[in-house]
Amino acid sequence: MDWRTVIYVILLVSLRAAKALPRTSQDIEETSIGQRFSQLQENNFKAIALVLFAQYVPGGTFGRAAAMAEAVTALGRRCAAAASDSPDCLKPLDKIFLDTICQEENLPQSADCCAKKDPERKDCFLSLKNSSQGFSSPLERPDAEAACRNHSQHGQTLTAYFIYEVSRRHPFLYAPTILSVALRYEEMMENCCASSEGPSHQVEECFQRQAPKVVKPIREDALRQEHTCGILKKFGERTLMALKLAQISQKCPKADFVTVHKLVVAVADMHKDCCRGDTLGCMRDREEILRYVCTSQHVLSSQIQQCCEKPLLQRSECILSVENDDKPAGLSPLIREFIEDKGICERFAQEKDMHLARFLYEYSRRHPEFSAQMLLRIGKGYEDLLRECCRPGAPSGCRSRGEEELRKHIYETESVMRTSCDIYKEKGDYYFQNELLMSFTKKMPQLTSAELIKFTKEMTTISSKCCQLGQNKLLPCAEEHLDLVLGEICRRHLADPINPGVCRCCSSSYAFRRPCIGKLEIDESYVPLALTPGLFAFHGDLCTSEEEKLQHRKQEMLITLLKYKPQISPEQLGSVTAAFTAMRERCCREANPEACFLREGPELIKRSEKMLSA
């Protein structure tokens with residue numbers, strides 16, 4: 001065995017040894033149900049038990065999930081009170097919860113899993129979670145009068161039912177997130193029902209105003225978790241760790257590499273448990289990370305002290321939302337030693353991923369103004385440069401071109417974002433979304449009108465939020481939010497393939513997904529829609545005075561036109577749009593708009609056909 005191999009083996013062993021976060025002696029043993037009950041207190045313990053039972057048996061009823069939660073809570077209460085060493089109190093938490101499920105008769109799909117022994121039993125229940133498709137958002141706007149009557153008579157039960165509904169619809173959502181949303185739900189009920197003696201329309205308006213504050217965190221957290229799990233599943237642990245390394249290095253630029261790397265490994269391990277649907281494992285991992293972050297805040301970040309003073313269940317959300325810490329004084333923007341040092345190729349050959357990780361750490365902590373995805377592209381560019389320039393026979397000065405290529409990539413990325421923001425500021429929400437609709441309908445004509453409108457609406461919202469920020473925050477805001485939307489599109493492609501171009505962009509590289517989709521042009525494999533009598537239908541709803549409904553209807557027609565004539569030129573589109581606007585104005589002035597559209601619509605289609613064939 002030569003010396004390089006010896007060093008590589010020592011490095012691997014040291015990395016594996018450094019993998020786990022430092023743990024206190026009480027953490028090494030599995031936390032017992034009594035200890036868990038004491039940590040969380042009864043109400044939180046019972047609520048988390050309800051979350052867990054609803055997530056593991058999404059087809060079960062509220063009554064049975066609540067009864068199982070009550071039984072486990074009663075056991076926790078007994079074990080905490082007596083510090084009992086009875087066999088039931090010493091069982092692992094996973095086993096207690098699964099035993100409770102398996103003692104119930106006729107629970108949907110559970111019989112096959114309950115026939116297995118652990119750990120196969122647990123894996124079986126997790127596979128049921130993975131196969132459940134989930135449902136739409138649980139909070140429909142309630143009938144004001146009925147909701148307030150239920151709240152006054154059954155307040156606690158109503159909140160428990162809300163927790164159950166959210167949990168079964170989102171079997172992978174983090175339990176403390178569901179509890180924090182349940183608190184917002186309780187606040188909404190208290191606030192809106194306090195005025196229930198007044199006119200019913202005031203209560204209804206209260207629900208309309210406050211319901212988004214309850215629904216939005218569910219949707220956003222579920223989307224973020226699905227997004228992270230999608231990256232892990234499609235691109236693997238290495239990509240997820242690189243992403244987390246960039247993000248944590250930006251948030252904690254004063255922390256040393258070893259500390260940041262330990263945290264990255266722990267976060268990646270946590271996501272593996274969370275993405276498997278292992279609710280208890282996910283919670284344990286997250287709490288261990290929070291404990292480490294808060295005991296190491298002096299070396300991590302000066303921004304997290306207030307978060308660490310919050311109750312355990314509120315810390316995670318707080319830490320994720322804090323601002324990046326200030327950079328250490330004297331950090332140069334460039335890290336030339338990774339290019340110019342004579343021993344770079346030798347270190348790259350010996351350390352591979354660890355050397356690349358150090359580069360990514362050093363570059364990320366220096367550049368909070370870059371998005372994490374852009375930092376991954378810079379890291380990939382550096383890796384490609386070393387692979388090319390460190391091979392035998394590479395020309396001298398090969399590595400020196402790296403700085404120029406880096407400047408070029410940064411300029412291109414910033415130019416794309418600036419141009420997009422300039423268009424948004426010039427056109428405003430509606431017309432900017434129309435520009436996106438024209439682009440994405442040509443790239444992905446297989447998507448439905450509803451999907452195209454939804455995705456481009458989300459992109460427009462990102463522009464409205466990010467384009468008002470300064471240059472130092474524009475890129476992280478825009479690209480990291482856009483990455484979530486592109487993740488949605490790629491998961492949609494995974495479920496129902498869109499086209500070869502989207503397949504290539506969604507499969508080849510996570511870091512380059514946004515530039516790849518940006519460069520897609522008209523899908524040449526698409527067969528345009530045939531002109532049938534019902535393809536373009538004009539009705540009285542075009543005369544609505546509700547601007548939002550009219551814009552939505554016009555966008556649907558724009559999408560249909562583009563699916564019919566993908567190669568339409570801007571001039572042709574302008575002519576057709578002007579002809580349509582003139583017809584709409586004429587018909588909406590008439591006493592019977594429907595009859596007018598029935599008469600004028602076919603004529604507009606004939607004239608448009610001539611314009612499009614010119």
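Trainee: Let's start with H539. Which residues does H539 touch, not counting residues up to four places away in sequence?
Mentor: H539 touches E594 and F597. Keep in mind that this is a predicted model.
Trainee: What kind of contact does the side chain of H539 make with the side chain of E594?
Mentor: A polar contact, at 2.7 Å.
Trainee: And where does H539 lie?
Mentor: H539 is in the loop that runs between α26 (513–519) and α27 (547–564).
Trainee: Is H539 buried or exposed, or something in between?
Mentor: In between: H539 has 37% relative accessibility, so it counts as partly exposed.
Trainee: How far is H539 from C79?
Mentor: Their C-alpha atoms are separated by 68 Å. Along the chain, H539 and C79 are 460 residues apart.
Trainee: OK, switching to Q373. Which helix is Q373 in?
Mentor: Q373 lies in α21, which covers residues 372–389.
Trainee: Does Q373 count as buried or exposed?
Mentor: Buried, because its relative accessibility is 4%, and the label applies under 20%.
Trainee: What is Q373 in contact with, leaving aside neighbours within four places in sequence?
Mentor: The list is L243, E479, E480, D483, Y510 and A511. With Y510, the side chain of Q373 also forms a polar contact of 3.0 Å.
Trainee: Now some helix packing. How do you describe two packed helices?
Mentor: You give the angle between their axes and the distance between the axes.
Trainee: Then what are the angle and distance for α4 and α14?
Mentor: Helix α4 (residues 42–56) packs with α14 (residues 279–295) at about 135 degrees, and the axes are 10 Å apart. That's why the two, α4 and α14, are called oblique to each other.
Trainee: Which residues make that contact?
Mentor: From α4 you have I48, L52, Q55 and Y56, and from α14 there are T279, L280 and M283. By class, the contact of α4 with α14 has five nonpolar residues, two polar ones and no charged ones.
Trainee: And how do α13 and α20 cross?
Mentor: At roughly 105 degrees, with the axes of α13 (residues 257–276) and α20 (residues 353–366) coming within 11 Å. So α13 and α20 are roughly perpendicular to each other.
Trainee: Which residues make the contact there?
Mentor: F257, V260 and H261 of α13 meet M354, A357, R358 and Y361 of α20. Those of the α13 and α20 contact divide into five nonpolar, one polar and one charged.

Definitions and conventions. Residues are numbered from 1 along each chain as its sequence is written. This is a predicted model: local features need pLDDT of at least 70, side-chain atom pairs count only at pLDDT 80 or more; totals for chains, interfaces and linings use all residues. Side-chain values use heavy atoms; hydrogens and water are left out. Axes are lines fitted to C-alpha atoms, for helices over the stretch in contact, and angles run from 0 to 180 degrees between N-to-C directions. Helices (H or I, at least four residues) and strands (E, at least two) are DSSP runs, numbered from the N terminus. Angles under 35 degrees count as roughly parallel, over 145 as roughly antiparallel, 65 to 115 as roughly perpendicular and the rest as oblique. Contact means heavy atoms within 4.5 Å. Ala, Val, Leu, Ile, Met, Phe, Trp, Tyr, Cys and Pro count as nonpolar, Asp, Glu, Lys and Arg as charged, and the others, Gly among them, as polar. Buried means under 20% relative accessible area, exposed over 50%, partly exposed in between (1.4 Å probe, protein chains only). A polar contact is a pair of N or O atoms within 3.5 Å; within protein, one must be able to donate a hydrogen and the other to accept it, and residues adjacent in sequence count only if both atoms are side-chain atoms.
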